Amino acid sequence: MTRVTRDFGDTMQKEAVPAVSSDVVFTSSRFPNYRIGANNQIMETKEDPKVLSMKEVVARETAQLLEQQNRLSVRDLASKFERGLAAAAKLSEEARLREAASLEKHVLLKKLRDALESLKGRVAGRNKDDVEEAIAMDIEQLMKEVQEARRIKMLHQPSKVMDMEHELRALRAQLSEKTRHYLRLQKELARTKKGGESVPQFYELEGTETLGSYLEIQPCSDIVPEVSKCSIQWYRVSSDGTKKELISGATKSIYAPEPFDVGRILQVDIISDGQHITLSTTGPIDPAAGLGTYVEALVRKHDTEFNVVVTQINGSHHPTESIHVLHVGKMRIKLCKGKTTIAKEYYSSSMQLCGVRGGGNAVAQALFWQPKQGYSFVLAFESERERNAAIMLARRFAFDCNIMLAGPDDRAPLGT
């Protein structure tokens with residue numbers, strides 16, 4: 001009988017399945033795919049080269065995720081930037097509107113003034129003068145409109161100003177009368193000190209010794225020669241008597257004190273039939289009340305207008321009585337009739353301006369103006385105050401231009 005052992009199976013298995021070496025290297029990390037072919041033959045399916053490994057799949061998906069994250073970050077950043085830009089534009093527009101709304105009247109005027117000054121600075125020569133004249137004309141037109149409005153208001157709405165003006169005129173008249181009475185007493189007192197009636201008095205000075213009035217030589221008896229037949233010369237003397245100035249052209253029996261005469265004594269020499277008579281004021285000429293304050297107010301203006309009538313041109317009588325306008329400015333004086341300029345000159349050493357030195361009882365309202373050599377006017381003002389204000393104002397502006405504005409030969413004092 002045959003004997004069967006357990007090692008038979010193991011021996012057959014060992015012979016049928018060869019051993020696998022540990023050094024075997026598989027071509028793929030994946031388990032191979034098989035398929036059943038013809039005749040039930042098992043065949044290995046070849047690996048698709050397009051199929052990616054797990055590592056490559058993970059790397060590709062990671063790259064895609066990173067790219068998607070970057071795209072999302074740029075989109076968010078662009079969105080935030082657009083929102084910030086829109087907000088900044090809105091804030092800028094609001095700030096601009098607030099700035100425009102905050103511009104008040106004085107700011108606009110300052111910008112306009114700066115623009116005009118800039119334009120004025122870019123213009124030179126004759127064009128600059130034209131620009132200045134145009135600006136001055138605009139200002140003059142505005143001043144005229146304001147004055148006209150005030151005049152209409154005064155006509156249609158009487159106020160206390162008119163009453164005050166009438167009171168001032170009455171007070172001036174009373175003051176003038178009392179001053180004349182005072183001067184008369186002063187003269188009688190002076191004659192009494194000289195010996196009373198033993199000293200004959202041929203002529204005397206009549207008038208108020210103040211700026212705005214006039215002095216006239218009057219005979220004291222009927223036996224003396226007429227004043228018109230006498231040789232006359234007026235002088236201004238310092239209050240202490242140390243300086244004596246001849247007043248050129250003052251050779252008439254009437255003389256109206258002008259601003260240069262304030263604080264000085266006026267003296268007149270009368271020569272007739274070999275007799276030399278000297279008369280003088282009792283004291284220095286007094287200033288006109290309120291005139292200094294009035295002139296100081298006018299100095300602040302760029303240009304002041306005075307209504308005048310031309311009575312003489314170059315020494316010849318001018319028959320027309322039409323109203324002219326004398327412009328006294330900081331740099332020049334201009335005489336106009338309507339829109340026509342009669343004379344316009346800057347302050348210079350050849351210009352002369354003073355009170356008229358002789359004439360009728362309206363002499364206190366007239367002045368002599370020589371714009372340049374060989375060309376002169378005699379102008380009559382509406383009042384004595386306006387005439388003296390024009391003289392003082394013009395001399396003030398001329399002095400600011402280093403020009404001494406005076407009458408003929410007013411710069412040469414004589415010895416006593």
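These are my notebook entries on a predicted model of one protein chain.

**Ground rules**

I number residues from 1 along each chain as its sequence is written. Since I have a predicted model, I ask for pLDDT of at least 70 for local features and count side-chain atom pairs only at pLDDT 80 or more, while totals for chains, interfaces and linings use all residues, and side-chain values use heavy atoms, with hydrogens and water left out.

**Overview**

I started with the secondary structure and found seven helices and 18 strands in the chain. These are DSSP runs numbered from the N terminus, with helices (H or I) of at least four residues and strands (E) of at least two.

Next I looked up burial. Of the 416 residues, 27% are buried. Buried means under 20% relative accessible area, exposed means over 50%, and partly exposed is in between, with a 1.4 Å probe and protein chains only.

**The S3-S4-S7 sheet**

I then picked out an open sheet of three strands, ordered S3-S4-S7, with antiparallel pairing. Two strands pair if DSSP finds at least two bridges between them. S3 (203–206) and S7 (254–255) are the edge strands, each pairing on one side only. Strand S4 (residues 215–219) is joined to S7 by two bridges, and I noted Glu216 with Ile254 in S7 as its bridge partner.

**Around S12**

Six of its seven residues are buried, so S12 is largely enclosed by the rest of the structure. With strand S10 (residues 303–313), S12 makes an antiparallel pairing over seven bridges; here Phe306 has Leu326 in S12 as its bridge partner. S12 also pairs with strand S13 (residues 332–337), antiparallel again, over four bridges. A two-residue hairpin connects S12 to S13, and Leu326 sits opposite Leu335 of S13.

**Nonpolar cores**

Leu326 turned up again when I looked at the largest nonpolar core, which has 30 residues: Leu326, Tyr347, Trp369 and Leu379 touch the most other members. A core is a set of buried Ala, Val, Leu, Ile, Met, Phe, Trp, Tyr and Cys residues joined through side-chain atoms within 4.5 Å. At least two core residues come from each of H6 (291–299), S10, S12, S13, S16 (366–372), S17 (375–381) and H7 (384–400). H7 gives the most, seven residues.

Apart from this core I found another, of 18 residues, including Tyr203, Ile217, Ala250 and Val268.

Most residues other than glycine have a negative phi, and I logged two exceptions. Asn314, not a glycine, has a positive phi of about 55 degrees. Asn314 lies in the loop between S10 and S11 (316–317) and, at 42% relative accessibility, counts as partly exposed. Asn402 has a positive phi near 60 degrees. Asn402 is in the loop between H7 and S18 (413–414) and counts as exposed at 74% relative accessibility.
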